[in-house]
Every structure is written in C-alpha cells, then in structure tokens.
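This report is meant for a reader who is meeting the structure for the first time.

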Number of protein chains: 2
Amino acid sequence: MKKSLFISLFVGLSLSVFAADIKSPNGNLLLNVDVNAQGQPYYNLNYKGKPVIVDSKLGLAAKEAKFTDNFKILSTDTASFNETWHPVWGEYQDIVNHYNQLSVNMENTDGLLMTVCFRVFDDGMGFRYEFPIQDKANYLAVLDEVTEFNFPADNTLWAIPGDYDTDEFLFTEARLSEMPNALNSKKGRHSESQWAPELANAVQTPLLAKSDDGLYINVHEAALIGYPAMQLDLDTANYGMKAHLTPDKLGVRGYLQLPFNTPWRTIIVSDDAREILASQLILNLNEPSKIEDTSWIKPMKFIGVWWEMFTGKEKTWAYSDDFRAKPGITDYTKLKPNGRHPANTENVKKYIDFAAAHGIDGVLVEGWNEGWEDWGSYRKNRQFLFDKPYPDFDLPYLRDYAKEKGVKLIMHHETAANAMDYERQLDKAFQFMKDNNYDAVKTGYVGAIIPRSEHHTSQYMVDHAQYVIEKAADYEIMIDSHEAPRPTGLIRTYPNWLAQESARGGEFESMGGNPPSHTAILPFTRLKGGPMDYTPGLFQTDLSYYGEGKTGKAMTTLARQLALYLTMPSPMQMAADLPENYERFPDAFQFIKDVPVEWKDSKYLEAEPARYITVARLDKNSDDWYVAGITDDNARDAVIDFSFLPAGSKYVATIYADAPDAHWETNPQAYTITTKDVTSKTKLKQHIAPGGGFAIRLQPK
Amino acid sequence: MKKSLFISLFVGLSLSVFAADIKSPNGNLLLNVDVNAQGQPYYNLNYKGKPVIVDSKLGLAAKEAKFTDNFKILSTDTASFNETWHPVWGEYQDIVNHYNQLSVNMENTDGLLMTVCFRVFDDGMGFRYEFPIQDKANYLAVLDEVTEFNFPADNTLWAIPGDYDTDEFLFTEARLSEMPNALNSKKGRHSESQWAPELANAVQTPLLAKSDDGLYINVHEAALIGYPAMQLDLDTANYGMKAHLTPDKLGVRGYLQLPFNTPWRTIIVSDDAREILASQLILNLNEPSKIEDTSWIKPMKFIGVWWEMFTGKEKTWAYSDDFRAKPGITDYTKLKPNGRHPANTENVKKYIDFAAAHGIDGVLVEGWNEGWEDWGSYRKNRQFLFDKPYPDFDLPYLRDYAKEKGVKLIMHHETAANAMDYERQLDKAFQFMKDNNYDAVKTGYVGAIIPRSEHHTSQYMVDHAQYVIEKAADYEIMIDSHEAPRPTGLIRTYPNWLAQESARGGEFESMGGNPPSHTAILPFTRLKGGPMDYTPGLFQTDLSYYGEGKTGKAMTTLARQLALYLTMPSPMQMAADLPENYERFPDAFQFIKDVPVEWKDSKYLEAEPARYITVARLDKNSDDWYVAGITDDNARDAVIDFSFLPAGSKYVATIYADAPDAHWETNPQAYTITTKDVTSKTKLKQHIAPGGGFAIRLQPK
C-alpha cells in the first residue's frame, strides 16, 4: 500500500496543573479536560458553541488499583497531525487524518499514573487511556471503566439492546430517558445473556444520538484490541451514558499488562447528518495496515448456496437427517442423505456456471462440511471439521471446475462458537483452503462460546478475532466474519478483514423482516466500524412465492435492493438471491453485475437517520459514477444535485427506480429502467416508493 | 510394538433380571451387582471371602438426565479375556491381561439406558459406565457421579488432600474416620482451591487403604480420557468414599456426548502388599498403544540445569532482574543480565561434557527461554515463548556441540498454566524442537489455569493433556509432564508419555524435605498410574553445604538415593544433583551410570506401605539383576532371598549400602561399597539406616 504523508507534527509540553483544552483543526470542536474536587478526571465537548457532551467522568477501576479519583494533572502534551492515507479498498481512495492531540498526564495520591490521550478532528474526537509502566501496578484485572458520555439534554437515540453475545437486533428510536423501557418491551431478544439484570439499562455501540438543536452524535470505539467490547449503561435521569465492558463469566472485564493503551472511545459529531456518514474518524484512529504486501487482497461480489436454506422446501445445511448422525457418528458415507442438501456437487456447479456467465467473482457454499446434523457444540469438544467435505460435495471436482470457469469458491467455517477448537484446527483449515484454491472464508460463531467462561464480546473473543485475522493474513486469506465482536475500524490495520456481519442482516427478511428504516440507520451506526456483509440483492421479496407454507414479505422493493449496494458499501458484496430469480429479472440484475465494490470517492447528498440516504460514488477503476437512494416506509422524492460531477462533462444515466405504483408490501417488483443525459448542472427529483429505493449508473458520454 | 496374544474370549448373554455376580480368573475375587428397592444400582466386592467393598452405589447425574435410580437390570453379558502384551518400556517385558468381564445393562423408568462394565482380575477390578446412543439423551452435562467405594470398617488410609489444582502433598496416614481432621490440620496446602468448603472431606486418588484383617486396597481410576479427574469424599461415619469429580468454575463437571464410556474406577486388592506394587491392572485397563512405530521412543537418564536453582546462591530461571523486563518488554538484548542465570552457554556446555563423559543420555535445561522475569501469566495472554532462547543461551552452538558429544538436549516448556496459549504455540514449539535436535520435553503448568474457567484436573485439562501427547506423537516427541492431571495408565496408549510429576517430588527436599516414608508410600499410590519424574540421585543432602544462609537437610542417606532408581522406576530418570557433587563421589555415582531405566522383569521381595520396599529387577538389555531396598525413618534389616535368580547361575553382587553409622540426619553420606558372590540360594540380611537404603548390581560371573 502506497501512502502519501503530509505530516506537520509539533509537540508541546505544558507543566500547568490547570484545566486543559484543545480545538479541532477547523476550530469547530472544543474539548475541555479537568479534574474535579475529588480528583476525578472529566471532559466536556462543544461543537460550534453547542454542548455535545457535558462534564463526563474518566477512569478505570481494577482489582489491583483504582485509576478513578484523587488525581491531579501533572502535565499536558499537545501535538498536531495531518496525513492523507490510501486504504486498500473502501469508500474513498484518499482519507485525510487530521487532528490536534492533547495528552493529559495524571497521577493520583496512590502514586498511580494515567494519561488520557484525546484526538480532536473536525468531525469528532477520540480518546483513550494510556497506562504507562509504573511502580504501583504491573497488571490490571479490570472491574469497571468509568468513562461517561453525558448529554446536556434528553437526546433522541437509535440503539440496540445491550447484550454480551449478539447484536442482531433492530434499532429502537427513543429519547434516552425512555430507551430502557422501549428496549425491554421489544420481542425478539434471543441471546443467553439478554436478560441479565445488569444489562437492563444497557445499549450497544455504535449508537446514534440527535439533539433537539440539530446535532448528530455517533458514539462508538476504535481499535478494539486486547480489551472487551464496550456497552453503555443509560442514566435516564441525567441523560448520561457510562461504559459497561463485557465481562467474562467469572466477573472480570479484562486482564491488562502494562504498558497498555485502551481502545479509543469515539464521538463523531456534526450538525449535518451527511457528515456522520462521510466520517472516517474511526478508521483514522486505527493503526495503519500491518500487512505489507496487500496485492492478494481482492474485493469481490459473490453469490452463494445459502438463501435456499431460508426460502423453504426445508433445505438444510445438513447432509442427512439420519438420527445416527446426531450422536456424532462421523462415517457419513454410511448415512442416508436427506435429499434436501443444496451444498451438493450438481447444485454448486450451477452456481459456478451462473457466476461465470455474469462475471460474479465468487461462490460461497454453506453446509459443505461435516457436522451440521448435530448442533450440540457447547456440550462437546468438536462439532465441525474444516477439512471434511460431505460425501455429496466433490471438492476436487468443483475446485477444478471453478478454476476452469474463472470463479472462486468461498470457504465457510461455521465454528458453532467453539473458538477454542477452531484455534486447534486453524492451521489445518487454512492450509486446506490454500491447497484447494480458496482465498476467502466466511466464519461463524453461532451458539454459546467455548471457552465456556467467555462471551462473544469478552476480551477472549476480541483476542481470538485478532488471532484469526492475523493467521489468515499469514496464509493470504480474506475474512468475512459473522457473530464476531462488532467492528471498530480494524479493517485499516487488517485489510484482509473484508467484512463482518455483526448486526441484523438481510437473512432476517426471512425471519420477520427488516423494516426499511433498518438499512437507513445501519450506515449511521453499525457501518461506522466497518463494512457489513448485509447480503443485499433480494429480488423475490414475497416469500409465499416458494410455497410449502412459507409466508412473509421482505420489507423492500426490488429497486431498493439495488440501492443497498451503494448505501451499504462493502468490498465483499453478496448477490443474495437465487440465480433463477436473477434470471427472471435480467435487466435489473444488470445493475448488480455493473456495480463496483470499491470506490475512488463518495459524496453523501442527502441523509437523515432512519429516514433516508442518498449517496454518489465514483468507481475506483473507471470514471463511472453511481448514485443511489433509499427511504423508510414513507414514499419520498430524493433531490439529486449532480454538481459533484466534473464541470463540462456529460454522462448518460441509467436509472433503476421504483415504478410509480411500487410499494414494498403490495407491489415490490414494480421497477423502471430509464436513461437520461446528465451534467454537473443537472438536478433530478427521483421518486422513491415506501420501502423503496433507486440506483443510477452514470457513464461518461 | 509386537504383541503376543493368547486370547480366549467367550461371550455369554443372560436375560435374568436378578443380581449378577462374577469371579476373578483364580476365584479369589467375587463381585456382586444388583439394584436396590429404589432401583439404585450397587455393587460389592469380596476377596478370599473377606469383604473389600460393601454395598456401594453406582450412577451418574447430569443436567439432562439422572442415571441414578429407578433402574432395573435388563440383561447381563459376560466374557473372558486373556492376553500377554509387551509394553514399549516399563517394569515388565510381558504383562498378563487376564480378566472376567460382566456387563450389566440397565434401563430406568425414564427410559434411560446405562451399562456398567466390570472387569475382575486376580489382583483387583475395574468398572466403568457405558452410555450408549439412546433416544432420551444425546448429551450429558455432568453434575455428579454417584460412585461409592464403601469399606466394611474403619480402614487405615494413606492419602493426600482433595484439590482441583495440585497433588504436590505429603501423604497422611490415618483411619478413614479421622482423615479429614488429620488433613485439615496439616500445613503446606497451597493451591487456590485448597480450602473450597466442598473439598473439606475430600482426598485424591490413587490412595491406599489397609484393613485390620490385612487387606491392602488401592483405589484409583484408569484411562482418564474426555472426563474430569476423580477425587473422593470421605463419609467418616460409614467408612465410605464417594466420587467427587473436578468441576469447571461454572460448576459443570464434564460435557459428554453419547455414546460415551467413563474412565475405569479401579480397586487393586491383595492380602500381600507386594502384589499391590506388582499389579499392572491400571495399565491393563487402558487401550493398547495408538502409536504404531514406537522405535523413536527411547527411555533415558538425564542430568539438568535445574537443581542449581534450588540449592542457593539465588540462581534463577530468569536471565535478568531488570525491572523493565517485568512489564513484558521482550527485547532481551537490551536488558542487563543478572549474572545468576545457569542456563547459559558456558554452563550448559559443562553439563554436556559431564553427560558425555559418564554416558548420561540427556541434559535438561530450564530457564533457556524468554519469559521467566515476569510471573504474571494468569493476567495476560502470553508469558513464555517456546522458540526464543535468552541472549546468553547459544542454542545453535549447544545443539551442535551436544550432537558432536552424543548427548541429547532436553527441552523445557513451562507454560505458566496458560494451556490455551500453549496450544496456540504448540506446532511451532514442536517444530522448533525437531529443527534443533530435541526429542523430549519437560512440560510445566505452574499457576492458575487459562482458560480461566478451568482447573488443573477439570475436563478441559484432561483433554488438553491428550491433545498435547497426541500432537507430540505426531512429531515423534517424548513428554515428561509436570503439574498435569495425575496419571491413569495412559502410558500404555501413549508410550511417548515417559513420565509425569503429579506428586510431591524430590525438589521438595529443598523446601521442607520429604520424610523417608514418602518414597515408601508413593509406589503404592501415585506410581500405580504411571512413572514419576521424582528426580532421585541427591548426593549432597545437607543444604547448608551451599552456604549463603541455605539450611535444611534432605531426609535421605546417599545410598537411599541410589535405591530410588529401582523403587521409583521410570523410563526417564534424572540424576538430579550437580555434576560437581557426583565428581566428589565417583564410586557411588557408578551405580547411577550403570542402572538401567527399563526392565525385563521385576520381583517385589518385601513391602509394607510407608514402611519399606525391597525390589529386584532384571535389566531389559542384559542378564544383570538389580536389587534395592528402602525403609522409613526407622533402621531396618532387609532380608533378600535371591531365589528369583536362575538356579545354578553365579553372580557377583556390588552392594551400595548405608554404613553402619549412617543416618539421614546426622551422617547421610556414610556408605559402603562391597562385593559378594551370590546364587539363587543366597539369603542376605542387609542393614538399612534410618532414612536409608541400599542398591545392588548383580552381574553373572
């Protein structure tokens, strides 16, 4: 990865023991830091003179030492940094990393040393705790992180419930004061830890807040390494939020060895919702790529043997229903096939043919390997083998066939949450991939974690994810992780981490549906940590089409599904529907074939959280622009100002839009494809149906 | 491994629902099995008409199903088995495995199926629970194992305290009714779980009992695979003992997937104490070797850079005292060496020279690798690296030097109990060994286990030990494990598992001492599971010799240390003392040089638990016999009847004995070396000093 650096770095040292403050490069943000009468450190943040965060405490309590009070500020260091760096892939070819830094060095009356390092950008700020080597503590068993994010008023929040093991929830929109009640009244929380009393007032990050005076505020964390994930406990009386770290089941939230820097706690803020979407703050707070040669990292589109299992006819990941498979008999050649197992040679061959015919890069196959019959993972040492194909999956044949067709097979490693056993098999599993021409793997952690003292977001699983991604890099393997700790911008450091699930994805369209507002809030929240494998591209949205008692409707029009390729950008983008459904709508499918997965530049044109998004993106590998928009379940007219186009150039726009009578519920497959000449002076009003969207390709004339 | 099989196998099937019984091949043991009025299965065992175990319940309770009561016997199967097999190494070249088997097939009113399989040998019995595939339960999260071992009277026991994490205790001799009080009054219990209230009445196995009517009874388990280790809760009122499985820290004692067979619960019984020592019952209940080509498994004697760290002058495993090393700075070249680090090139070279000069096979080096400065393992992800020598340990040089001298370096892997990280490093660590000509490794697990929900003897660590031994076999590596779950005869299945510590070993002579009775009870208890790396061979027993304020005396004469090579047989036998101490006593050291570590045959001549042992062994690779005897802290005259020698043959005996005025405390280094002609008709009275012993080599004339 080449990097252009324009660094102006200066370091200042002040020995003042008074409050410290620092501004963003453009002066819009003002951060104050001080200690109160009890010696408790706190900070507050203003944006254009408006309070974003009012006095909010800082600190960390461990078994061995309390870094919480009786502090005084010893000194402060300031610095400025400005660089432009170039990600391997993403929404932008150039990312400006420009901030002023304030390090507040403190000591308390126990002689404990702590530095809080703040970086203030034009679009927000991050801060972290830095614990230097010190005499009084070498190790910290973390019991509590004090960090607060206190709002000045009862902001509106979009958030999902606090949970140590899953984030696959719909977002709830409510005033902070009403959020706990709103969350607890919802159905559908399904993790083992969901109703832990200690999580009653908790929400997860990234969350979005909006103040009545028009500020948009995203709160999350960056560079989650060697530390548990952060939830936030809501203080409904005082409009506050306080860090709540995921503990292990023995009650410890993390084991730290000094020196240690925590992840960054991040606040993205703007009075323009579009700037929240455009912000690269979380990536900027992560370390540059640890992978030197990134030439093997290749963004991709893919189809998969996957949606078949959701759409009906009782198709299964499992090869057999033979009860003898349940207790772990692994001689699969002796089992009776159930005949409903799509990961078979003949069917996969059809997917390869389809991908080859339409220029789709890869084919994911789920259910290819032994172990799916018996979902007893938590109660045994091993459920899945990652080098044992089912008898009806002729891997050598398919490997060679795919290669001949120029298509990549994509590996699937469902671990059933037995991370410990996955580590035992990892080298063998990755070597098996390389031996068989697989370059990318979708990983999964469905179930309760082994080691059994851990949660999906406790320190162990954060470490495990790092272990897997680093080992994958050693093997030149790309990862798309599901049920992993939610992303915090580590894709900058590990650009082989193409995507994660870590939210309620498209699969839920077959399980109750995702209201249109869901994909209009995810870009403001979940996506700030990194791309999501949302699995867009659903053309057959009425599931009764599949018969066999299948009911339910995906809450989307067909045209909106095209828009998601731009509003939910990812370098690993699925075309989720069945090949035969794409064959029924070849003109609409053309957009999925055309749309890139990495970008030279992006312009957010319109945005309001959970309501609508309109975005334009420039293909990384051509001069084509793409524009897309979505709305919630209200119809809307997007207004597209094409002034982002180079003045004087002419483009022909191919517009995939909802038909005038389209509606997600009653008429989802009504779309129009039209063309239109466009220049930088064009302004286009584009109708969007309830639950709808549009997608435009702009080609230079 | 070649095997001679003389099998006479017949299978009988009975549909009786009545009590079942079966006898040992010689008829001395009689086992009865039945269910009581509550449908609880139970058994009892008699030896020559005397009750050994009175009615004792059987069963297992899991979260999902209770296999404890409302049972009826459906049927019984009987079989007989007789083979002679040949271990790769050990006390005997031929081991007879001869038993009658009774399988009691039961079903309870919940429809749960359980078979209890009993094998009755001439020297005891074993039984295990066999849970077949069944409709009502696929998985068991074990909460309790009901198994009882109830004595008819208040037998004398020799036992160590129940503990989930350590077995490095002295044995306590007490009546069963008095044992809990006797144990709890002892000092020196040091594990984190030692005072868990639930362990207040618990002891560990193997334990030995002696009845007032002269029966010796060893209780233990065999083939501990995929299951937690067993402790025993004492019922002081009823002279009973009940299984107490080591739980994980979440309270579950094991996760089983059916079909599953538990380890064997074993009872070795005889009215002759020598037969307890000679019993191979626990090995017989283990599976044959899983390793086909065992030619690379080579028993050995070794010396080690090790005792130096115990004897004084503050020598350390660590390379540096630099405080900067503590917080994990790993650029050791920048640290100041402490100058008290014996694992350095020059010193190790001396050990290699000594080994080469005296025909000692290997040199163990502890403290060779990075990580010893900072004993914070439980609080961090990684303490030790297994491929990073300290700067003062020139591994390539020493590797080549040792090879040139015909000496093997022995690897040391102290994991600081982070089993999880050891698994991550294992392939790399073993490959590093092979790349550097190491064939054997001493492993260690000092500290609290990671994963943090586990104990040293919970199911996870049992599985971990199996994982390590199997991977070691893949690399053709031999293991000497310390702080691992105590052995249960798995050396038969994995003959590369040369030895374990798993008891209070010779190192404690520098930490309070081991009373002479300790090595007179270990062969009746701990050693029934497999060989111990006890580290005999201490010549300089008065530690004040080392000056620098070092005090304390090993509770042994020098001659006794020679005897331990026979009374504590192991295929991996250390000469524990410093080379310079051996050079002071070259005539006595000659015995250590001569004594073999594997045997064609063994004859126990005299034995009384914790009092005395006299044993004769025939070298596997020559016609030399060796005889040794030890006593407790009372002087004793052993009477050696040489009738085990072939009639008519003449031998010259070289006798290493305590001098008449020897005493462990006042005159430990007073020994005599004499020679004497011996035939099968010779009877020799041999004096043994308090804490003393003797060792004889018999060479054919």
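At roughly what angle do the axes of helix α10 (residues 558–567) of chain A and helix α12 (residues 586–594) of chain A cross? In this predicted model, the two axes come within 10 Å and cross at roughly 5°. Because angles under 35 degrees count as roughly parallel, α10(A) and α12(A) are described as roughly parallel to each other. On the side of α10(A), the contact is made by Leu558(A), Leu562(A), Tyr565(A) and Leu566(A), and these meet Ala588(A), Phe591(A) and Ile592(A) of α12(A).

**Strands of chain A**

Strand β31 (residues 612–619) of chain A is mostly covered, with 7 of its 8 residues buried. On one hand, β31(A) pairs in the antiparallel sense with strand β30 (residues 599–608) of chain A, over 8 bridges; on the other, it pairs, again in the antiparallel sense, with strand β32 (residues 625–631) of chain A, over 7 bridges. Both connections are hairpins: β30(A) and β31(A) have 3 residues between them, and Ala610(A) in that turn has a positive phi of about 65°, while β31(A) is joined to β32(A) through 5 residues.

Elsewhere in chain A, an open sheet of 4 strands runs in the order β7-β6-β12-β20, with antiparallel pairing. The edges are taken by β7 (66–67) and β20 (254–257) of chain A, each of which has a single partner strand, so one side of each is left without a neighbour in the sheet. Inside this order, strand β6 (residues 60–62) and strand β12 (residues 139–145) of chain A pair over 3 bridges.

| Residue | Bridge partner | Strand of the partner |
|---|---|---|
| Leu60(A) | Glu145(A) | β12(A) |
| Ala607(A) | Ile613(A) | β31(A) |
| Thr614(A) | Gly629(A) | β32(A) |

**Single residues and their surroundings**

Thr488(A) is found in the loop between β27 (478–481) and β28 (497–500) of chain A. Is Thr488(A) buried or exposed? Its relative accessibility is 2%, and since buried means under 20%, Thr488(A) counts as buried. Leaving aside residues up to four places away in sequence, Thr488(A) touches residues that include His220(A), Glu221(A), Ile282(A), Asn286(A) and Gly529(A).

In chain B, Val35(B) lies in strand β3 (residues 29–35). Although Val35(B) and Lys72(B) are 37 residues apart in sequence, their C-alpha atoms are 6.7 Å apart in space. Among the residues that Val35(B) touches, beyond those up to four places away in sequence, are Tyr42(B), Phe71(B), Ile73(B) and Met106(B).

The largest nonpolar core has 287 residues, and those with the most contacts inside it are Phe430(A) and Phe430(B). Not counting residues up to four places away in sequence, Phe430(B) touches, among others, His413(B), Tyr422(B), Val441(B), Tyr475(B) and Ile479(B).

**The two chains together**

A rotation of 180°, with 0.0 Å of shift along its axis, superposes chain A on chain B with an RMSD of 0.0 Å. The two copies are thus related as by a two-fold rotation axis. Which residue of chain A comes closest to the rotation axis? It is Ser453(A), whose C-alpha lies at 2.7 Å from the axis. Of the interface residues of chain A, 100% are also interface residues in chain B, so the copies meet through the same surface.

Technical notes:
Residues numbered from 1 in each chain as written. Chains lettered and ligands numbered in written order. Predicted model: local features only at pLDDT ≥ 70, side-chain atom pairs only at ≥ 80, totals over all residues. Heavy atoms only, no water. Least-squares fit on C-alpha atoms with pLDDT ≥ 70 in both. Contact = heavy atoms within 4.5 Å. Helix = DSSP H or I, 4+ residues; strand = E, 2+ residues; numbered from the N terminus. Buried < 20%, exposed > 50% of the residue type's maximum accessible area, 1.4 Å probe, protein only. Core = buried A, V, L, I, M, F, W, Y, C linked by side-chain atoms within 4.5 Å. Pairing = 2+ DSSP bridges. Axes fitted to C-alpha atoms, helices over the stretch in contact; angles between N-to-C directions. Parallel < 35°, antiparallel > 145°, perpendicular 65-115°, else oblique.
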